[in-house]
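Hi,

Here is the structure I promised to pass on to you. Have a look at it first, and my notes follow below.

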Protein chains: 2
Amino acid sequence: MENNIIPHLHAITKFVRQSANKHRSLVIWFTGLSGSGKSTLAGKVEELLFKRGIKTYVLDGDNVRTGLNKNLSFSAEDRKENIRRIGEASKLFVDAGVVVLTAFISPYRKDRDTVRTLLENGEFIEIYVKCPVEVCEQRDVKGLYKKARMGEIKNFTGINDPYEEPLHPELIVETDKLSVEETVKKIFDFIIPKILKEIKFS
Amino acid sequence: MENNIIPHLHAITKFVRQSANKHRSLVIWFTGLSGSGKSTLAGKVEELLFKRGIKTYVLDGDNVRTGLNKNLSFSAEDRKENIRRIGEASKLFVDAGVVVLTAFISPYRKDRDTVRTLLENGEFIEIYVKCPVEVCEQRDVKGLYKKARMGEIKNFTGINDPYEEPLHPELIVETDKLSVEETVKKIFDFIIPKILKEIKFS
């Protein structure tokens, strides 16, 4: 049936939206272990961007696992589909002119790289939120590591499911070495020139 | 695992975004037969809204069936999942402060009503794009009716799959009776007060 989709040419394109918003749209993809600080960082970076008048949105477990992806488990196959849908949803937001920040463990390299291929060059900014599993487990803000150790959660990344570090992320932040405020500043300073880079037809 | 999702409280809420945008966000859900004019109307209404400075986005087959929902068929079960995902994606856009216009046949009443329940009161505007199947088939802009008649497409709404008319849509437009321009104006005049209605904590 895919061949039966004939594209409509709508007047309001990504470029038109970016021009109106006076900034580019892209995905800031946070990846890292549970408890590394992804969602906290995404929220705080969004706050700074929003204050600069940038159109933003955060996708994280709170709004995705309870909605769009609520029919998915944490098996390897469903994790793949989870990330695929998040990637496609992110692409829609980018098309809509929005800077979208995603905060998901996204443990498999291949799945993240697939999302990258969905987007245009420069639209996928992978930020590796690096933190030793021991530190994440000590923090255990959600009590999930404890549950995983007790066998109440299967397929828990870092305990009984692998985390594959990014090979070439755009940025690495080490949250066991910098404070939240320092990390947020580092990310903001890194991404703001990319977002405010002059918009031209590519 | 759903119980293991602990919400993060992000500072930038739907209300904050709506306030910054100076307009409400909601879903304008076009439903009707293939060839009734849904995607054309969505695109043209979006154009008018965009010119008024309103943040908008169109979800239609072009960007959804080729991306987020490309792993779904046109069986009844997959159509249900198709509409569910579109509903959940729309909800994310509404949360992001965007007026989202959706253009999908969405033939089953129950599936549309389920989307309505995802959203808050007044956030789901169902527009029935009404047009006799004979007229849609005559138009056959995509050549799909011909293919369906020849048995090349199964489960084609209006030919060999049912279309369930909305019982209480917010608006009905009859595209065999009004011109595109008249219809666009009718829709615009209907929705603009809802979008520009004063924003208050509900």
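H8(A) has a kink of about 25 degrees at A:Phe190, shortly before the proline A:Pro193; the bend at a residue is the angle between axes fitted to the seven residues ending there and the seven starting there. This is a predicted model, where local features need pLDDT of at least 70 and side-chain atom pairs pLDDT 80 or more, while totals for chains, interfaces and linings use all residues. Residues are numbered from 1 along each chain as its sequence is written, with chains lettered from A and ligands numbered from 1 in the order in which they are written.

Helix H8 of chain A covers residues 180-196 and reaches 24 Å from its first C-alpha to its last, close to the 24 Å expected at 1.5 Å a residue (1.5 Å times one less than the number of residues). Helices are DSSP runs of H or I with at least four residues, and strands are E runs of at least two, numbered from the N terminus.

Among the buried residues of H8(A) are A:Ile187 and A:Ile191 (buried: 20 or more other C-beta atoms within 10 Å of the residue's own, with C-beta atoms placed from the backbone). The buried residues of this helix pack against H2 and strands S1, S3, S4 and S5 of chain A.

In chain B, B:Ile28 touches B:Ile191, as well as B:Val99, B:Leu101, B:Ile125 and B:Ile127, leaving aside residues up to four places away in sequence. Contact here means C-beta atoms, placed from the backbone, within 7 Å.

Between the chains, 40 residues of chain A are in contact with 40 residues of chain B. H3(A) gives the most to chain A's side, with seven residues.

Best wishes

Terms used
Contact = placed C-beta atoms within 7 Å. Buried ≥ 20, exposed ≤ 12 C-beta atoms within 10 Å, placed from the backbone.
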